[in-house]
Amino acid sequence: METTKVKYTFKDFSSDQEVKWCPGCGDYAILSAVQKALPEMDVKKEDFVFISGIGCSSRFPYYMDTYGFHGIHGRGLAIATGTKLANPNLSVWQITGDGDAMAIGGNHFIHAVRRNVDLNVILFNNEIYGLTKGQFSPTTKLGMKTKTSPEGQIQNPFNPGELVMGSKGRFFARVMDKNPKHMKEVFIQAEKFKGTSVVEALTNCVIFNDKVHDQFTQKDHQDDMLFLEHGKPMLFGKNKEYGLMLHGFKLIKVKLGENHVTIDDILVHDAHVEETGLGMMLVNAGMGDGLPRVFGVIRSVQEDTFEERMQAQVDNVRETSKFANLDELFASGETWEIE
């Protein structure tokens, strides 16, 4: 029988629910980018599932016309993992924030990353608890004054990319709410990756942490932004006049034409390299070191997924077991009769 392939548009993924984020919130742009990316993923609409925990970002499933689940604080990844293992054909997306993922769900986050289940995580990072009115989160910058740190935050913040690398994560990318076109492209790459993909989305909280990412997200700060492309030189600046080089074990910013620097001296991005040393430098760049903040797919290294390894183990046990069924297993070995 001949079948017709359905061509979706972003409207097919927009629900009829009123979006209840603050006017000007960066989350709107992320929602729109996801809705525009999904029609280009070659996945049936009924195979998408969006799962969240608690926080402003976690209202996301209500705004998607797909299957969804609004879970409890920090436990979205546990639900997403179970969903994927129960039905590996689904495209599972976990929506979370810096507080939900890095604090309450921190343990779930690092273990989900190391397991490499085939699911996609979008981590909204506004460096604050917005839903609960402005407490500092695990990504809040050192020294920042918040409702719960009136004298300044005194704990070293997490860098989500560094945490993913340290947890043996295979895919990490960074995007920003001010560039929806780039976000859309990265979300598509994340879905194609087989394994756990983590996309950190820098988003602005207009109420409790306004302009937190402005240095790296405004058009007039192009010298502070580097957009990576696999196989291409790491160039940035308004006219691509700057680049990154290695000097010993450090990244340095150079200008083409100065000190005999040519395009051949500039690092070429390899997202598929197994070793994480340079990836660690890239996720940390731009933190007061004079280097640009790095965006795009920083790491994309394929490996067997958790569910592939699990299925292989099940198949092996079935082939080699001396028991044909559970009854034989239960009746084997020593048994007792209780009278």
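Colleague: How many bridges join strand S8 to strand S9?

Modeller: Good place to begin! This is a predicted model, so local features need pLDDT of at least 70, side-chain atom pairs count only at pLDDT 80 or more, and totals for chains, interfaces and linings use all residues. Residues are numbered from 1 along each chain as its sequence is written, and side-chain values use heavy atoms, with hydrogens and water left out. S8 and S9 (residues 242-247) run antiparallel, with Phe-236 partnered by Tyr-242 in S9, and the number of bridges joining them is 2.

Colleague: How many of the residues of strand S1 are buried?

Modeller: Buried means under 20% relative accessible area, exposed over 50%, and partly exposed in between (1.4 Å probe, protein chains only). On one side of S1 Phe-48, Phe-50 and Ser-52 are buried, as are Val-49 and Ile-51 on the other. S1 (residues 48-52) is therefore largely enclosed by the rest of the structure, with a buried count of 5 of the 5.

Colleague: Which residue of strand S3 is the bridge partner of Ser-52?

Modeller: S1 has parallel pairings with S2 (residues 67-70) over 4 bridges and with S3 (residues 91-97) over 5 bridges. In S2, Phe-50 is partnered by Gly-68. In S3, the partner of Ser-52 is Ile-95.

Colleague: Within what arc do the buried residues of helix H9 fall?

Modeller: In H9 (residues 277-284), the buried residues are Gly-279, Leu-282 and Val-283. The arc is taken from the directions from the helix axis to the C-beta atoms. These residues line one face of the helix, because seen down its axis they fall within an arc of 95 degrees.

Colleague: Is Leu-329 buried or partly exposed?

Modeller: Leu-329 belongs to helix H11 (residues 326-330). With 38% relative accessibility, Leu-329 counts as partly exposed.

Conventions
Pairing = 2+ DSSP bridges.
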